[in-house]
Amino acid sequence: MPLHIKIPPELPVMVLPECNLFPYAMLPLYIFEERYRAMLSHALANSRMFCIGMKRRDAEEGDDDVYMHSTAGIIRACVTRPDGTSNLILQGITRVKFSHWVQKQPFRIAKVAEVETARGHLAEEQALAYRVIGLVEKRMLEDPNFSHTMGEQLKNVEDPEIVADIVGFNFICNPYAQQGLLAIPEVDKRLRFLIAHLNKNAGGGSGPAMV
């Protein structure tokens, strides 16, 4: 089901290497750094939302060290311990793009805009989604790391956009390829991207992209 949640114009950003969040995905996180403890307190006191910003490869600290495409996530569960560390589950809501930083210390806050999804012909999107699901089922038969129930679950998902997001998060193990997928606004192009990636990497999966 679509997640109809209003996204604030500014959101905190947790900058991580080689990590992305997708809409509908559930990402477990362990918060221990002081700056992210402060970020978590800020998020819980306001919208309960923040973004994952993937750090650019070999980038120095600065304005251009984080990819601008991300996903706004909402904290679905959070347990904070007496020592100040926390475990939480962040659920992806919708694609966003950072325009600039409105705060950098003690943690980053970005000006964000929702990325509008471009829809094409539903019949074409559904046909592409069916091809993606078929490749996923083939991958699951080849790789015991994958849950064999996901193929059946995907068949019950009516929206091809959601299929693309679930598969992109769980079956693309290269975070830079994931970032490329996040930046594509058209659903049909996302599905074609997945088909090409799954065909290219057939038999070479290393498990879901959960961190």
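**Notebook: aromatic pairs and the nonpolar core**

The model is predicted, so local features need pLDDT of at least 70 and side-chain atom pairs pLDDT 80 or more, while totals for chains, interfaces and linings use all residues. Residues are numbered from 1 along each chain as its sequence is written, and side-chain values use heavy atoms, without hydrogens and water.

I noted that Y67 and Y176 pair edge-to-face, at 6.4 Å between centres and 70 degrees between planes. Y67 is in the loop between β3 (49–55) and β4 (69–80) and Y176 is in helix α5 (residues 175–182), so this pair ties together parts 109 residues apart in sequence. I found both Y67 and Y176 buried (under 20% relative accessible area, 1.4 Å probe, protein chains only).

I then examined F98 and W101, whose ring centres are 5.6 Å apart with planes at 45 degrees, so the pair is tilted. F98 is buried at 3% relative accessible area, and W101 is buried at 15%.

Next I turned to the core. I recorded 60 residues in the largest nonpolar core, with F98 and I52 among the members that touch the most others; such a core is a set of buried Ala, Val, Leu, Ile, Met, Phe, Trp, Tyr and Cys residues joined through side-chain atoms within 4.5 Å. Helix α2 (residues 122–142) gives the most to this core, seven residues (helices are DSSP runs of H or I, at least four residues, and strands are runs of E, at least two, numbered from the N terminus).

Definitions and conventions. Phe/Tyr/Trp six-rings, centres within 6.5 Å; stacked < 30°, edge-to-face > 60°. Buried < 20%, exposed > 50% of the residue type's maximum accessible area, 1.4 Å probe, protein only.
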